[in-house]
Amino acid sequence: MKKRLYLVRHGQTMFNRQHRIQGWCDSPLTEVGKRQAKAVKEYFEEHGISFDHAYCSTSERCGDTLELITDMPYTRTKELKEMFYGELEAESERLGTRDPRECETYYLRFGGESSNAVRDRMISALREIMERNDHHSVLAVSHGGASFNFLRGIGADMRTYADGITNCCVFVLEYEDGKFHLTDCIPNPVKG
């Protein structure tokens with residue numbers, strides 16, 4: 001039986017607007033970020049999409065985004081957190097790298113995490129969630145880098161996302177027989 005996962009990146013934050021590296025450090029949603037989350041809620045309502053369970057990263061920006069999308073109870077889980085950038089947390093994005101191959105090891109020298117470690121924990125966590133018997137339509141709110149690495153790990157065509165994943169876009173995935181398949185990406189109408 002096919003199940004469905006709706007994976008959403010959090011809304012725009014203050015650090016996003018300031019072009020700061022934001023992994024495990026946190027910053028609040030901006031007014032634009034709040035409008036982005038409300039636009040996701042409206043999309044789900046207009047299309048009659050409901051969820052039997054909801055999850056998010058332990059980062060405040062993800063919890064705040066989820067609470068603007070739905071008022072249902074949810075579970076926070078560390079495995080859905082963004083990549084840890086070590087000493088580069090909260091620094092200018094100019095100090096980072098956007099090259100996916102370089103990300104595999106680049107942040108390790110700063111005490112951070114490899115993109116492959118993020119990929120593996122995201123796949124493991126989302127697979128475990130989707131394997132639960134009563135989980136047929138699941139909402140999960142995570143992060144841009146974590147979502148990118150998850151999608152890369154399941155074999156999605158990443159050329160579309162070479163310039164990054166926009167705030168509050170929605171990835172629609174089918175899950176069956178232990179495998180994820182990306183079926184759609186809904187961009188957010190509220191630009192950051």
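Helices here are DSSP runs of H or I with at least four residues, and they are numbered from the N terminus. On that numbering, His19 sits in the loop between helix H1 (14-17) and helix H2 (31-46). The model is a predicted one.

His19 is not a glycine, yet its phi is positive, near 55°. Cys168, also a non-glycine residue, has a positive phi of about 60°. The two are set out below.

| Residue | Phi | Loop between |
|---|---|---|
| Cys168 | about 60° | H6 (144-153) and E5 (170-176) |

Cys168 has a relative accessibility of 1%, and because buried means under 20%, Cys168 counts as buried.

Helix H5 covers residues 115-130. Its 16 residues should span 22 Å at 1.5 Å a residue, and the end C-alpha atoms are 22 Å apart, so the two values agree. Buried residues in H5 include Val118, Met122, Leu126 and Ile129; Ser115 and Arg121 are buried as well.

The largest nonpolar core has 33 residues. Leu5, Leu126, Phe150, Leu151, Phe171, Leu173 and Phe180 have the most contacts inside this core. Two or more residues each come from strand E1 (3-9), H5, strand E4 (137-142), H6 and E5. With 7 residues, H5 gives the most.

Leaving aside residues up to four places away in sequence, Leu151 touches Ala156, Met158, Ile165, Phe171, Leu173 and Leu182. Another core, of 19 residues, lies apart from the largest one; among its members are Val8, Ala54, Leu66 and Ile186.

How values were computed
Residues are numbered from 1 along each chain as its sequence is written. This is a predicted model: local features need pLDDT of at least 70, side-chain atom pairs count only at pLDDT 80 or more; totals for chains, interfaces and linings use all residues. Side-chain values use heavy atoms; hydrogens and water are left out. The expected span of a helix is 1.5 Å times one less than its number of residues. Buried means under 20% relative accessible area, exposed over 50%, partly exposed in between (1.4 Å probe, protein chains only). A nonpolar core is a set of buried Ala, Val, Leu, Ile, Met, Phe, Trp, Tyr and Cys residues joined through side-chain atoms within 4.5 Å. Contact means heavy atoms within 4.5 Å.
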